[in-house]
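User: I would like to learn how to read a protein model. Can we go through one step by step?

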Amino acid sequence: MPLPEKIGFIGTGAITDAMVRGLLAEPAAVPHVVVSRRNADVSAKLAADFPQVLISSDNQAIVEGCNTLVLAIRPQIAEEVVRPLRFRDGQTVISVVAATGRSCLMQWIGGDVRLTQAIPLPFVARRKGVTAVYPPDADTAAVFTTLGSVVECETKTEYDLLAAASALVATYFGFMHRTTEWLAEHGLPKEKGRAYLALLFAGMSETALHAGKGFDFINLSREFATKGGLNEQVFQDFDGSGGSNALRRALDRVLERITQ
Ligand SMILES: NC(=O)c1ccc[n+]([C@@H]2O[C@H](COP(=O)([O-])OP(=O)(O)OC[C@H]3O[C@@H](n4cnc5c(N)ncnc54)[C@H](OP(=O)(O)O)[C@@H]3O)[C@@H](O)[C@H]2O)c1
């Protein structure tokens, strides 16, 4: 599926910056991108870095000038930004606004648009993202396939669950940070710890990616846990001290927030 001639972004913050950089990295995947002026620093930097970026102070003009639109404002102001806009029937609208359901968005938009929701992550800037999309839509999939890979969700439940899982990024880095701190307290320079952990975790992710269809994480866990060995001990300690329960509780709570 070819990408549209022009993609418009309402809200130019961190995630728009990442998406635009991914779309326009050489070779550029789209001829033009229009971004809203706000945030002024981010939009100016994008326009300075890419001649294909146009800036507009008028959100309605962006809606009128682009067949595909990305809504990338914070949830707290989404209604006040989206409600006054007039969309064309059949226009493709991709909302990346977190924790804002389809029915609210459709009500604010008012028209008969092709609305999808997506959860891009900052790695889309390097075309290494994995983006959950709901409902499946060929145009939206084409945008995010350019930016890495896509997981199409057949139901809202699937989408909400992936939204909860996508909230693990800070915990992942927090886990690495706590380990780096612990290593440093015991005498390993932080820089060495960070370099080691980044490669260790990259190697683990690669192993999962190459494990083939139908692999199971618990099988990988067992494969690396020699009976009576160090890996087995750490996982048992982590599990036994409430680590797995803390993870489940955190996921339950974030899912509750997403589905409310
Ligand atoms: N960051 C991520 O990794 C990520 C991933 C997936 C989804 N999301 C979702 O994507 C949305 C944007 O996130 P973000 O991290 O990019 O937030 P952000 O950095 O705060 O960007 C939002 C931008 O919207 C602009 N804005 C405010 N009012 C506006 C208006 N009336 N018209 C046009 N633009 C306006 C803000 O400009 P000012 O700075 O001038 O106020 C700001 O630059 C959120 O709903 C977030 O949950 C984020």
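User: Which residues does Leu71 touch, not counting residues up to four places away in sequence?

Analyst: Keep in mind that this is a predicted model. Leaving out residues up to four places away in sequence, Leu71 touches Ile10, Gly11, Val82, Val93, Ser95, Val96 and Val97. Leu71 is also among the residues with the most contacts inside the largest nonpolar core, together with Val20, Val33, Val70 and Val96.

User: How many residues does that core have, and which helix gives the largest share?

Analyst: The core has 44 residues. Helix 1 gives the largest share, six residues.

User: Which residues of strand 5 lie on each side, and are they buried or exposed?

Analyst: In a regular strand, side chains alternate between the two faces of the sheet. In strand 5 (residues 92–95), Thr92 and Ile94 are on one side, Val93 and Ser95 are on the other, and all are buried.

User: How do strand 4 and strand 5 run, parallel or antiparallel?

Analyst: Strand 4 (residues 68–71) and strand 5 run parallel and are joined by four bridges. For example, Leu69 has Val93 of strand 5 as its bridge partner.

User: Which residues come nearest to the ligand?

Analyst: Of the 25 residues around the ligand, the nearest are Gly11, Gly13, Arg38, Asn39 and Ala98. By class, this shell has 16 nonpolar, seven polar and two charged residues. Helix 1 (14–24) and helix 4 (75–82) each supply at least two residues of the shell.

User: Into which domains is the chain divided?

Analyst: The chain is divided into domain 1 (6–154) and domain 2 (169–259). Their C-alpha centres lie 33 Å apart.

Note on methods:
Residues are numbered from 1 along each chain as its sequence is written. This is a predicted model: local features need pLDDT of at least 70, side-chain atom pairs count only at pLDDT 80 or more; totals for chains, interfaces and linings use all residues. Domain bounds come from an automatic or database domain assignment. A residue is near a molecule or strand if its C-beta atom, placed from the backbone, lies within 6 Å of it. Ala, Val, Leu, Ile, Met, Phe, Trp, Tyr, Cys and Pro count as nonpolar, Asp, Glu, Lys and Arg as charged, and the others, Gly among them, as polar. A nonpolar core is a set of buried Ala, Val, Leu, Ile, Met, Phe, Trp, Tyr and Cys residues joined through C-beta atoms within 7 Å. A residue is buried if 20 or more other C-beta atoms lie within 10 Å of its own, exposed if 12 or fewer, and partly exposed in between; C-beta atoms are placed from the backbone. Two residues are in contact if their C-beta atoms, placed from the backbone, lie within 7 Å. Two strands pair if DSSP finds at least two bridges between them.
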